[in-house]
Amino acid sequence: MPQPWDLIIVGAGPAGSAAALSALREKPDARVLILDRAPLGRDKVCGDGIAPHAVRELAALGLDVVRPEENVSTVRLYGPSGADAGAVTSSPGYVIPRRQFDERLLSAAMDAGAFFEVRKVTSLESLDAPVVIGADGSNSTVRRLIGQPANHGRALAVAIRGYAPTPPGARELTIRWDSQRLGGLCYAWSFPVADGTTNVGYGLSSAAHDHSRAYLERRLGELLPEFDLAGVELTGHTLPLSVRRPSPYSGHVLLVGDAASLINPFTGEGIYSAIASGALAGRSAFRDAPGPTYAKALAARFGRQHRQTTALYRIIDSPRVLDTVIRAARANSRMFDRLLDVGLGDAAFTLGDFARFGRYAF
Ligand SMILES: Cc1cc2nc3c(=O)[nH]c(=O)nc-3n(C[C@H](O)[C@H](O)[C@H](O)COP(=O)(O)OP(=O)(O)OC[C@H]3O[C@@H](n4cnc5c(N)ncnc54)[C@H](O)[C@@H]3O)c2cc1C
């Protein structure tokens, strides 16, 4: 192992691998070490939905890690009152189990020259490098070590997921908002995998009065009655939403992905923002002032969306608002695409978008 390290990255999820790839594009001979407590090929509890925005971000890093059979081009949304909007998206998304997706990304980072070591990080003193990137996910140790508290209440969601047999002909991404338990992020999803199973799950805000495992399992079954969940192993995890974010850096330590609470509060999308923030941090790592450079780049990319989603998060409890948005998406494919850009990418709604939504309010 070539020491001293120029950059140490804690966490080998999409954020960590993207950070390594981008740092090595910036400085190909840099000595970059990625640490993860789990070996290559670990699983991550997730919906496995890879947005087209994430695929484009990876392409900008020179990566093509998706396969045609993993593509799912139809997205269908169901509002709280059952109003549904379906459309064939113009830029298709993918469903790839995270065990495979993350392994492809980490392998690409190692091919580019990064070193990987299985090590659980418990202190900052053990990380001897001029720049450290904390990409260690939702319960980030690095974030805690730099004194930033974790998300809680409405800024944290909890979700369960499992793999059920795909019913015949069910090859679309569906999201069903829950009419019973509104309280921030609150919906069931079904995302078909190429292997004949479907990733099914249900998530809601941890501020909800009942967010017990029993409740989540019951609502999952009620909202997705077409799936046979008997014998399906359901696993839970937390989602730190971008409505409450830590400072993106402290001294020489930069936070990316879930460690920086970058999950979209409307949809639970976090892979695109993990890759995008990782890439920005990696690009900033060898500049004069890595922390401020990264913070500026992150604000330029996500600042407008973060301000807007934080303000609007208060009103997504309203079934009327959700139904209006879904009615607009059903009637107008441009509005559907805007919805996907805000929910899965880094876009924010414009005044024109709000005016167009207004037409579908009743
Ligand atoms: C149920 C559920 C469904 C979701 N569905 C989707 C979806 O369909 N699409 C989407 O875009 N997003 C989804 N998300 C969000 C998405 O999973 C995350 O946003 C994404 O994984 C963040 O990537 P990351 O690289 O920041 O963190 P992670 O993918 O969590 O990677 C963090 C890595 O750090 C390692 N690590 C942790 N602690 C330490 C330590 N102390 N020392 C060393 N290593 C450590 C872990 O082993 C892990 O490999 C979902 C989340 C959940 C919980």
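Begin by selecting the ligand together with its surroundings: 42 residues surround the ligand, and the closest are Gly 13, Gly 47, Gly 137, Gly 257 and Gly 270 (a residue is near a molecule if its C-beta atom, placed from the backbone, lies within 6 Å of it). Keep in mind that this is a predicted model, in which local features need pLDDT of at least 70 and side-chain atom pairs count only at pLDDT 80 or more, while totals for chains, interfaces and linings use all residues. Residues are numbered from 1 along each chain as its sequence is written.

Colour this shell by residue class next, and you will find 18 nonpolar, 14 polar and ten charged residues around the ligand; here Ala, Val, Leu, Ile, Met, Phe, Trp, Tyr, Cys and Pro count as nonpolar, Asp, Glu, Lys and Arg as charged, and the others, Gly among them, as polar. At least two residues of the shell come from each of helix 1 (14-26), strand 2 (32-36), strand 8 (156-165), strand 11 (197-205), strand 12 (235-240) and helix 6 (271-284), where helices (H or I, at least four residues) and strands (E, at least two) are DSSP runs numbered from the N terminus.

Now select helix 1 and helix 6, whose axes come within 7 Å and cross at roughly 35°; axes are lines fitted to C-alpha atoms, for helices over the stretch in contact, and angles run from 0 to 180 degrees between N-to-C directions. Among the residues that meet here are Pro 14, Ala 18 and Leu 21 in helix 1, and Ile 271, Ala 274 and Ile 275 in helix 6 (two residues are in contact if their C-beta atoms, placed from the backbone, lie within 7 Å). By class, this contact has twelve nonpolar, five polar and two charged residues.

Move on to Asn 199, which lies in strand 11. Is Asn 199 buried or exposed? Asn 199 is buried, because 23 other C-beta atoms lie within 10 Å, and a residue is buried if 20 or more do so, exposed if 12 or fewer, and partly exposed in between, with C-beta atoms placed from the backbone. Leaving aside neighbours within four places in sequence, the contacts of Asn 199 include Gly 47, Asp 48, Arg 161 and Tyr 163.

Finally, zoom out to the whole chain, which has ten helices and 14 strands. The C-alpha atoms of the chain fill a box of roughly 60 × 45 × 40 Å, taken along the principal axes, and buried residues make up 49% of the 362 residues.
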